[in-house]
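The following note is intended for a colleague meeting this structure for the first time. Its points are numbered so that each may be checked against the display.

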Amino acid sequence: MFQNRMEALALALPAALFAAFVFLVPVFILLSEGFRAEGAWTLAPYVDFFDSELNRTVFWRTLKLGAIVTAVSAVIGYATAWSIVTLPPTARGRMIGLVVMPLMISPVARTYAWIVILGRTGFVNQTLVGLGIADSPIRFLFTETAVFIGLLQLFLPLMILSLISALENMPKDAVPAARVLGANWLQVFFKVILPLTKEGLVIGGTLVFTGSLTAYITPAILGGSKVLMLETLLYQRVTVANDFASASIIAMILMVMSFSANLLLKRLATARNKR
Amino acid sequence: MLKTFLASTVALAALTGAAAAQDKKLVISVYGFAQDEFKEIVYDPFEAQCGCDLVVETGNSVERLAKLEARKDDPEIDMAVMSTHDALAAARAGITQKIDVSRLSNYDKLYDIAKDPVGDNMGVGYTFYATSIAYRADEVTIESWEDLFQDKLKGRVAFPNVTTNQGPPALYMLGQAIGDDAASLEAPINKVAENKDDIVTFYVRSSQVAQLMQQEEILAAPIGRFAWGAYSKMGLDMAWAEPKEGQTGGMNVMILTKGAKNEDLAYDFMDFWLSTEIQTKLAEALVDSPANAEVEVADEIAENLTYGAETVKNLKLLPPDVILDNRDQWLDLWNEKVGQ
């Protein structure tokens, strides 16, 4: 298309410079803060960070909740996406609309709704006590369970949408063919559907996992300071202690976790492919 | 021709006149709360009086303090309000300057504790509040700070996080109740840690507590009196505890930035805000309890405020230097014992 490479590069230069100056340079400055102590480059701030029991607890809790939310949303996501793609076109459109709808509501409003629903006098506890499943209201608010529920509701639509597009791109006769050849539903899922939709799973999984790691409002409102996650810890470090070095370390950890999750998911997908 | 010339001269004069009025500008930095009321009672009348523009910046204390520090050599903010310990931190950082109290005509009307709470006239108190326990009188009785941990309140009580302005004073009073009020707050933090599973949450915003109380999630919580208005309107049997150890609280002060570009306006504004008229209006709107001792309000208003010489005298406030010098250790200890 271009007469020479130089011309193409010249055209790309303004955008590249813009991105470098307004994005890469500030990010570099911010992240480098965590590698500096007393004017020298060092890893000591990271060692100190992980030396604290609180920081370790928060790190593992964030990783754990992120992984569980991703896994559960994958399971629910496949079931939902499959039932939606098998619908006739009009009904499918409506169902996708319903899936997208929560994304149009502010996460603050959605999360506050959970405070009412999960409260002592809320719908969930009234039902549990009413049915005799629990003797007295169970405390959900400000627990990991509440954060898990909030995050799942927040990010499940992203997983469903990724899987719907993956399932729609799957050859229409693959599943009937496998069934005809005698595969049961479990085999159909693991040997046909999963390999053919793995890209959707990788995209959905990355979005959900990264989203869960970096969500702020949901853990802040439903977990509070009793269930600190990396993101709420970061906020606390900056706003309470004005400690940008720790904040930079947490930001770096979050980025590394997100990239690793994406690489891991891709690796899992290709490993299955080779078999 | 002459007509056009005259018209354009008039237009020009009007324009420069407007520009001159706009040049007179005061920049203040305040808490984000009750801004509608402040605009009506303080900002708009002051703008009308001084013929100047008032630029209001809001945010939490740490953000605002960080911003003041960042612009230390070329301050854009002329005057700010903050807690006594933040004002002391600002004074130590060299951000603020001594206030010449002789330029404040309303200074002598202030309660004694508001006159120089930071020391060295680095701040003038404009409001204070009591901190005690708001509780459901139909469910529990609270006569001591230790009563927060009674059996009936297991799983039904909220406590302020150590990072809030209510946290350290509440811990200090809890320390008094259990017989150890050392500035390290070690005993009360340990007490909270022992009971942490029975505490619903360590709140960071007073609005959050009001919601939990309304939802009957909790039955008691230490709160600042400034938030009491919301509780008394809940339709629940709410009471304000008068624990035998006493009530604690906090104070907010006005500070003047070093190198403020509009110092004269800043003094005018501070004096305006401290005047009996404005302090009375702020009290009547239940925005801020008056630091001006001449303010008189009706009983039903006083009910919702930290009001009266007697109340003010009995507040057990943590000195700002104690807060500032121990804050980091409190946070570390809290994170270690309670935060896990």
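1. The expected span of a helix is 1.5 Å times one less than its number of residues. By this rule a straight helix of 28 residues would span 40 Å, whereas helix H1 (residues 5-32) of chain A spans only 34 Å between its end C-alpha atoms. The model under discussion is a predicted one.

2. Where does the kink in H1(A) lie? A bend of about 40° is located at A:Leu13, shortly before the proline A:Pro14. H1(A) is also hardly covered, for the count of buried residues among its 28 residues is zero.

3. UniProt, in an unreviewed entry, places the feature "transmembrane region" at six stretches of chain A, including residues 12-31 and residues 244-265. In the model, residues 12-31 of chain A are 100% helix and 0% strand, with end C-alpha atoms 26 Å apart. Residues 244-265 of chain A are likewise 100% helix and 0% strand, and here the end C-alpha atoms lie 31 Å apart.

4. Beyond its neighbours within four places in sequence, A:Val240 is in contact with B:Val62 and B:Thr163. Is A:Val240 buried or partly exposed? A residue counts as buried if 20 or more other C-beta atoms lie within 10 Å of its own; A:Val240 has 18 and is therefore partly exposed.

5. The largest nonpolar core holds 149 residues, and among those that touch the most other members are B:Met79, B:Val157, B:Ala220 and B:Ile255. Which element gives the largest share of this core? Helix H7 (residues 144-168) of chain A does, with 15 residues.

6. Leaving aside neighbours within four places in sequence, its contacts include B:Met79, B:Ala80, B:Met82, B:Thr96 and B:Gly123. B:Met79 is itself named with B:Ile255 among the core residues that touch the most other members.

Terms used
Residues numbered from 1 in each chain as written. Chains lettered and ligands numbered in written order. Predicted model: local features only at pLDDT ≥ 70, side-chain atom pairs only at ≥ 80, totals over all residues. Helix = DSSP H or I, 4+ residues; strand = E, 2+ residues; numbered from the N terminus. Bend = angle between axes of the 7 residues up to and from the residue. Buried ≥ 20, exposed ≤ 12 C-beta atoms within 10 Å, placed from the backbone. UniProt positions renumbered as here; feature names shortened; annotations may be inferred. Core = buried A, V, L, I, M, F, W, Y, C linked by C-beta atoms within 7 Å. Contact = placed C-beta atoms within 7 Å.
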